[in-house]
Amino acid sequence: MSNSPADSALVRAARGLEVPRTPVWFMRQAGRSLPEYRKIRQGVAMLESCRRPELVTEITLQPVRRHGVDAAILFSDIVVPLAAAGIDLDIVPGTGPVVAEPIRTAAAVEALRPLDATDVSYVAESVRLLLPELGATPLIGFAGAPFTLASYLIEGGPSRTYLKTKAMMYGDPQLWHTLCSRLADITLTFLRVQIDAGVSAVQLFDSWAGALSEADYREYVMPHSTRVLSGLADAGVPRIHFGVGTGVLLEAMGEAGADVVGVDWRTPLDRAVSVVGPERSLQGNLDPAILFAPWEVVERETRRVLAQGRAARGHIFNLGHGVMPETDPDVLTRLVELVHSV
């Protein structure tokens, strides 16, 4: 193995190649549970912090320094490209993204403008600052998938039921597909900016796709996610696709064009292999809540996940969702050491 991010354990596992050890990183690792993150973010709003390359660089590096993870993930947010494209929104602490004027009409969809690479030049600059700092450690770029972005825009914020989203999806499918098509373009541009700047892999988060049946996913969502993922087929970097509560969607999410399918904690990895197929790698999937249990429980469950992951052509160890803010950082560090030792 060379000393290049392109030949790192994470990229090799994503491609199904032999690795010296199982690579590990954590979703929401960039800050989240770290006291040094909370200190540096003090008094800086979330969206503003995503627009400051020096701050993004420091926050992205913090978990790599602290935990020794095998990849960094760019500190950003899935709504960053929406705000850059002119949507009036804010990330409200304790709530999440809140959209001032939800998009629910043809006129509102028509007013959604494309994203230009120059709109997110600060993202490219953040990547360029990070690469020399990271050296052989790969940097993962990411974006929100069209369905999840659409749900935020239509609902006006986080939702438990997605009633307004589904009302448009079922009630005006033409308008729905027009909106998702525009969001696919925005997402593709956002990911291209990160890839052109030098990230080694990308993850497409369809966080809320688990609210759908497989039939609805295939009809209303999959064409747009496929457009994003297939649009990156020539980019030369592995594509990871992840959603929460997506056990029944894993086969379709793989078919959408992923090299790696992220699996949440509800589906055992050896079972996921039989659904996703042998031609894709898997990422996951320790329940984030297990990190609050005694260490012997953490170790037992980690070994179980690693054993089940061996059924896949390649396995990237991760949690089955993001790191919870209350997580003890020392447990995460110890977890990384355990995965590497196994």
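Visitor: What makes Arg266 count as a charge lying over the face of Trp265?

Guide: A charge sits over a ring if NZ of Lys or CZ of Arg is within 6 Å of the ring centre and within 35 degrees of the ring normal, and Arg266 lies over the face of Trp265 at 4.2 Å from the ring centre. This is a predicted model, in which local features need pLDDT of at least 70 and side-chain atom pairs count only at pLDDT 80 or more, while totals for chains, interfaces and linings use all residues. Residues are numbered from 1 along each chain as its sequence is written, and side-chain values use heavy atoms, with hydrogens and water left out.

Visitor: Why is the aromatic pair of Tyr37 and Phe75 called edge-to-face?

Guide: Rings of Phe, Tyr and Trp (its six-membered ring) pair if their centres lie within 6.5 Å, and planes under 30 degrees apart count as stacked, over 60 as edge-to-face and the rest as tilted. Tyr37 and Phe75 stand 5.8 Å apart centre to centre with 65° between the planes, so the pair is edge-to-face. Tyr37 lies in helix α2 and Phe75 in the loop between β1 and α5, so the pair ties together parts that are 38 residues apart in sequence.

Visitor: What makes the pair of Tyr162 and Trp208 tilted?

Guide: The planes of Tyr162 and Trp208 are 35° apart, with 6.5 Å centre to centre, and the pair is therefore tilted. Tyr162 sits in the loop between α8 and α9, and Trp208 in the loop between β5 and α11, 46 residues apart.

Visitor: Why is Tyr162 called buried, and why is Trp208 called partly exposed?

Guide: Buried means under 20% relative accessible area, exposed over 50% and partly exposed in between (1.4 Å probe, protein chains only). Tyr162 has a relative accessible area of 8% and is therefore buried, whereas Trp208, at 24% relative accessibility, counts as partly exposed.

Visitor: How do you know that the span of helix α4 agrees with what it should be?

Guide: Helices (H or I, at least four residues) and strands (E, at least two) are DSSP runs, numbered from the N terminus, and the expected span of a helix is 1.5 Å times one less than its number of residues. The 15 residues of α4 (residues 53–67) should therefore span 21 Å, and the end C-alpha atoms are 22 Å apart, which agrees.

Visitor: What makes α4 mostly covered?

Guide: In α4, 11 of its 15 residues are buried, among them Pro53, Leu61, Pro63 and His67.
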